[in-house]
Amino acid sequence: MKKRWNIILLLILAFALVWPYVGPDYQVYLSLSLFSYSIALLGFNLLLKYVGLLSFGHALFIGLGGYTTAFLTSEFHIPHMEFSIILSILICAIVATTVGFICVRYVKIYFAMLTLAFGMLFHSVLMKTYHLTGGDEGMALERPYLLGIDFSSMGTIEFFSGPFYYYNLGILIIATIIMWRIVHSPFGLCLQSIRDNPDKAKSLGIGIRKYRLYAFIISGCFTGVGGALMATATGHMDPGMVFWVHSADLVFMTLVGGFTNFFGPMLGSLIFIYLRDIITSFTEYWRFIFGALLAVIVILCPGGAMEALTNFFKLLVGKTKPGEKI
Amino acid sequence: MIETVFNILFSGIFYASILFLVAAGLQLVFGVQKIFNMACGSFYALGAYLGIFFVNSFLSMGGTPLLALLPLLAAGFVLAIIGPIIERGLLKFVYDRDEHFQLLLTFAIIFMLEDVIRLFWGTSPQLTVGVYMAFGKINVLGATIPVYNLIVIAAALVIAGIMGHIITHTRFGAIIRAAASNNEMAQAVGLNINNIYVKVFTIGTVLGTIGGALVIPTTAAMSEMALDLVVLAFAVVVIGGLGSMKGAFAGALLVGILKSLTITIYPELEMLLIYLIVIIVLIFKPEGLFGTAT
């Protein structure tokens, strides 16, 4: 089974590499959102899948990453993307430490509510400090240097479907590998033991709050990197990116794709971004269809699209073992 | 000085009345069904839009603006119909699920209702004309208070009183409290829990739609109103304590008055202060000011 998954991953990777050459420009541009959301969701799902905490305020970190990049490129004229990413990680780590210190003392709905409140607190700060952040209007971002190379002479489409595409893909791969290592490390196992049985984990000497806090910080940093890339791709950052509905979008993507699977959220963001694009091309009522889709998934298929897909795949190869995991 | 205080107080209490209605619906549903219904904001928006439609039809048929309260309340009650549809059609499947899924299902309802509103009324803001001013204004100690605001405050108080009476003094209220405190036991003694859930959810829906209908002579109905109100209602119930009616009352008063106070004195602080209080309450008293009671 494992071997087969490696083959699938390699096929997907190969496809991602040639995609800018074969895909239409607009679809290639859309995949930039796919990559940045995937990175953000890697962080989000660390909390949901491995720690069992549902954050309803993760757009806070997308905002931190995005605004950090916006300030660096437009205000301070430091266009290096790597610098933006590193600073985003630092800022997200600092904020996640403070916010997380308070939030991880609670679980379930209280955790969701606290993270929601912190996200909205940041949202109202952004709205009110308009002399700095442009308030409602938001901020424009300038095109960054990638690995120290200035691409400002390049056309917009060439830049986004060329260097920036591969840059995003590269960071997504690095982030995925790091997250994969984290969740399969002893640390990741500790997190799962806390999720499954906090009392037992405690009796084994695992500091519950400490581990939850670490997970929260790591999660915030990943989401912040996603935010920095997201804002660069759209060239614009506004408080709407931090509004609670955007946090809910992250939850949406994760559950649609399937939060119980490591790669589920990525599939979810793929569905969210491309399906929305397809639906909006023939009706303006995409929200209704999305709402209905979400309701159907919540009611009928809580494992999300990934579970449906793996079941179908197993059925296809005819090797279904009950309870088998990837 | 004194008139400023009165102005702040009255606009705050007016705001609180509306918030209380929506939050009371949220609390009732959370208390009995244990679902945090984020779609309460959409019910509020639906009430607002249908209220405008009813009032404007009423006026164009020659009705006097002074009776506008009738079509507004009618709009609120007509929307009771979506209560059973949503409860039987969607929520009944997730009562035994993880609360993450329950939250998400109500989020799905927000998405769907947003497009329902868009389908009927489009995206441009909707207004009622001439209702608000028809009621005139009165002077209280030098402060000018629109009479309509006083009517809404009175209406909210009456509704709060009726709710309180039903919950504490009637057979149906006893059944609701029984289902809220232990629904398995309630079923064991022969109560039809599905029936209770439908009724409770419908009452919760109507509280939201009436809140939206009553607010509408004072402001325009816009597409963002649902999403903005959800976070305010959220603040109210967190401050007051999840599931508590007294909490909804106190929380709504606090949020309403704070909102009008900051808008008058230092608008930059408006939502900031409310979220800060929410966070402080969650940290020091996560069960809220009036927590644990139903």
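## Basis

This is a predicted model: local features need pLDDT of at least 70, side-chain atom pairs count only at pLDDT 80 or more, and totals for chains, interfaces and linings use all residues. Residues are numbered from 1 along each chain as its sequence is written, with chains lettered from A and ligands numbered from 1 in the order in which they are written.

## Helix H12 of chain A

H12(A) covers residues 244–257. Helices are DSSP runs (H or I, at least four residues), numbered from the N terminus. Its 14 residues should span 20 Å at 1.5 Å a residue, and the end C-alpha atoms are 20 Å apart, which agrees. The expected span is 1.5 Å times one less than the number of residues.

Twelve of the 14 residues of H12(A) are buried (20 or more other C-beta atoms within 10 Å of their own, with C-beta atoms placed from the backbone). Among them are Trp244(A), Asp249(A) and Phe252(A).

## H8 against H11 in chain A

The axes of H8(A) (residues 163–183) and H11(A) (residues 208–234) come within 12 Å and cross at roughly 170°. That makes H8(A) roughly antiparallel to H11(A) (angle over 145 degrees). Axes are lines fitted to C-alpha atoms over the stretch in contact, and angles run from 0 to 180 degrees between N-to-C directions.

## Helix H11 of chain B

H11(B) spans residues 225–240. Its 16 residues reach 22 Å from first C-alpha to last, close to the 22 Å expected. Of these 16 residues, 14 are buried. Gly241(B) follows H11(B), with a positive phi near 110°.

Terms used
Helix = DSSP H or I, 4+ residues; strand = E, 2+ residues; numbered from the N terminus. Parallel < 35°, antiparallel > 145°, perpendicular 65-115°, else oblique.
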